[in-house]
Structures are given as C-alpha cells and as structure tokens.
Amino acid sequence: MTSMMALETAEAAAVCERQVASNADLMRTLGARLRRLDAPFAATLARGSSDHAAAFGKVLFELLCATPTLSHAPSIGALYRATSQRMAGVPLITISQSGRSPDLLRASEDAKAKGAFLIAIVNDTSSPLGPLADVTIPVLAGPEKSVAATKSYIATLVALTHLAAEWSEDSALLEALTGIGDILRQAAKADWSAAASALVHSESLLVLGRGYTSPIAAEAALKLKETAGLHAEAFSVAEVAHGPMTLVGPRDPVLVFGPVDVAREGLRARVEDFVGRGALVFGAGSPEDFPGTAVVLPGQRDVHPALWAITCIQSFYTLAEAVSRGRGRDPDQPPHLSKVTSTL
C-alpha cells in the first residue's frame, strides 16, 4: 500500500504551483514593505523541519536581500521572556506547519511585545499563530497526515524563496518561480534508488551540503532518523573536514547535496578524499564534482541555485520513504513522535 508520506510528497508540485499564484499580491506588497522598513537584520523562529526551512531562508535573505539573519531561539522568549529590545522594527519570521506549538507562540508574543514585525509562515492559518502575526503567509499545503512533513516543508521553502525574490526585486527568480510546478514534477521523477540499498543496510551516514543545500542536508538527516531509524548527521562540505571525516571508512555511505553555484568550490577534492577511503558516495549535483566511484544522482541543474536545492529535497523524500520501508518501518508513523510537537 502506498504510504501517506509518498502520496503527500507527490502533491508538493501542485501545492507550490497554487501557492505561488495565490500569494503573488501578498508577497509583492510584503516585499515592498520590507524594503521600506530597511531593518538592520532579520530573525527567524522555528523548530524541527521548520527550522531547517528557516536556515534556508537565512541563506536567501543574506545572499539576495543583503540582510543579516539570525535564528531566534524559542526558549529566549518562551521561557526566559528575554527577547531583546533591539528586535523593535525587525522582521521576525515564525515558521510552523501547525501554528500551535506553545513555545513558538509564546516566543512570538514576546517578540511582538518588544516591537518586532511578526511574519508568520504557517500551513494551518486557522491556528493561533495566524491572527497573532502582523502578516500571515499561507503555505497552502492542505492537510498533512503523515507525521513526517514533506509537502509542507517543500512549500515552505518555496514561500521563503518567493518572499526573498519580491524583497530583493529579483525578476529572474520571480519568473522562474512561475514554473515551480513543472520543476518539482521533474524532480519527483528523478530515480535516486541507486542509494537505497546502501542506506537500508547501514547504521549511520554523513549528509553534506553547502550554501543553499546545507539546510537541505540537515532536513534529509532528520528525515532519515525520523522515518528510517538511521543515524544521519548533516555537515557543511567545508566543516566536515574539521573532524567528522575521521568517522568515514570503507563502505560507509556519504550522501552529498552538491550546490550548483560558487559554493561548489572544494567539493570535488572532498569527494575524492572520501572515495579514496572506499566510502560509498552518492551525490546530487554537477557530475564533475563526483569523480571515481562516486554515484551521481539525477537532477535538473539548469535552474536557479535556490530552486535546485528545493528539487533535491523533493527527490530525496522518495528515497527516504523507500529506505524506511526497506528497513521494515512505517514511514507515516515514526515511533515516539506526533504531528504537533508540544514543547516549552
């Protein structure tokens, strides 16, 4: 029987297509408002997969909008009630699929009380987070029954990209987003099964990315833990050389989400090192970055680097679902987890 995770992953293309069209006026207005605000920095507030989306937003806002972006730890506002007065006039982007996590709500309230300009990116707009925000960006992913978030995560990445494109007035990226549905449909068809056997029979692996693909690596590692019970750790291609490389030996798997922009620098040398040790390297990206025995996973590389990163996670979710099943697990019902995580 087809899992809800697989079905919902397949829905992402249509969801994102509708979202970009539906949110066009909202994003245009918000982008202009953020340019007028001209804040010295921005901040994000999220947990779990939503925090990986927030990290993707940080890359977008810093590269495209020239706006330094920090991750505001939920506990600072939710527990300590110590949100800085310097948040006044600063855009705080709270990201939540459910919009009901108590810590995110309390932290958002505390930041808003300090004068932050609260933007909510939320799937359930009827949740308490929506009315709390100054501006609410609907993800429009619809109900998501699988505990593992897939279509809502992809749709959140697209919403962040749309926001950054309007904020920075990047007409080329805005034009590219009009074709997001077809881009994601093609990514959903990409066959990454070459990596499945190695992951099914492994107990741990490294997942690497850099630039736009670094948050994608973090999300992939989380999903492998969550759905497959596989210990996966994410690192930057640059950071992995500072210690974690000592963990990799013969037959150990390494999954690489290769960037397709300047962040590719140094990737080939890193892959050569892993291959030289006999590691099993599987990589999405430019074929020239994966020499020797490294296996290149298919993908559409002739797109904006941000959209390439989004296609990577679209393709990966199908792989993760297959690995979960191959390890005898139910990808829709990971043990000890629930759809809405209630933390303070």
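This is a predicted model: local features need pLDDT of at least 70, side-chain atom pairs count only at pLDDT 80 or more; totals for chains, interfaces and linings use all residues.
1. The model has an open sheet of 5 strands, paired in parallel, and the order reads 7-6-8-9-10. Strand 7 (231-236) and strand 10 (295-297) sit at the edges; each has a single partner strand, so one side of each has no neighbour in the sheet. From one strand to the next, the twist averages 20°.

2. Strand 6 covers residues 204-209, and its parallel pairing with strand 7 runs over 6 bridges.

3. Helix 11 (residues 214-228) lies across strand 6, strand 7 and strand 8 (253-257), and its direction is at about 175° to strand 7. Helix 12 (residues 267-276) lies across strand 6, strand 8 and strand 9 (280-284), and runs at about 155° to strand 9.

4. Beyond its neighbours within four places in sequence, V207 is in contact with A217, A220, A221, A232, E233, A234, F235, L255 and F257. V207 also belongs to the largest nonpolar core, which has 81 residues; together with F61, W192, F257, I313 and F316, it touches the most other members. Helix 13 (residues 305-326) gives this core its largest share, 12 residues. Apart from this core there is another one of 18 residues, and A78, L105, A111 and L118 are among them.

5. What about the aromatics? The structure has 6 aromatic pairs. F61 and W167 make up one that is tilted, with 5.2 Å centre to centre and 50° between the planes. F61 belongs to helix 3 (residues 48-64) and W167 to helix 7 (residues 151-167), so this pair ties together parts 106 residues apart in sequence. F61 is buried, because its relative accessible area is 0%. W167 counts as buried too, at 8% relative accessibility.

6. A second pair to look at is W192 with F257. Their ring centres are 6.0 Å apart and the planes are at 40°, so this pair is tilted. W192 is in the loop between helix 9 and helix 10, whereas F257 is in strand 8, so the pair ties together parts 65 residues apart in sequence. W192 and F257 are both buried. They also belong to one aromatic cluster, along with Y153, F316 and Y317.

7. Which residues does A190 contact, once its neighbours within four places in sequence are left aside? They are P298 and S315. A190 is in the loop between helix 9 (180-189) and helix 10 (196-200). It counts as buried, because its relative accessibility is 16% and the cut-off for buried is under 20%. The C-alpha atoms of A190 and G299 are 6.3 Å apart, although these residues are 109 apart along the chain.

8. Now for the helix packing. Helix 1 (residues 4-22) packs with helix 13 at an angle of about 170°, and the axes are 10 Å apart. That angle makes helix 1 roughly antiparallel to helix 13. On the helix 1 side the contact is made by M5, A6, T9, A12 and A13, and on the helix 13 side by Q314, Y317, T318, A320 and E321.

9. Not counting residues up to four places away in sequence, T161 touches F56, L60, L173, L177, L307 and I310.

10. Most residues other than glycine have a negative phi. A66 is not a glycine, yet has a positive phi of about 55°; it lies in the loop between helix 3 and strand 2 (69-71). R251, also not a glycine, has a positive phi of about 70°, and its place is in the loop between strand 7 and strand 8. Are these two buried or exposed? A66 counts as exposed at 67% relative accessibility, and R251 counts as exposed at 59%.

Technical notes:
Residues are numbered from 1 along each chain as its sequence is written. Side-chain values use heavy atoms; hydrogens and water are left out. Helices (H or I, at least four residues) and strands (E, at least two) are DSSP runs, numbered from the N terminus. Buried means under 20% relative accessible area, exposed over 50%, partly exposed in between (1.4 Å probe, protein chains only). Contact means heavy atoms within 4.5 Å. Two strands pair if DSSP finds at least two bridges between them. Axes are lines fitted to C-alpha atoms, for helices over the stretch in contact, and angles run from 0 to 180 degrees between N-to-C directions. Rings of Phe, Tyr and Trp (its six-membered ring) pair if their centres lie within 6.5 Å; planes under 30 degrees apart count as stacked, over 60 as edge-to-face and the rest as tilted. A nonpolar core is a set of buried Ala, Val, Leu, Ile, Met, Phe, Trp, Tyr and Cys residues joined through side-chain atoms within 4.5 Å. Angles under 35 degrees count as roughly parallel, over 145 as roughly antiparallel, 65 to 115 as roughly perpendicular and the rest as oblique.
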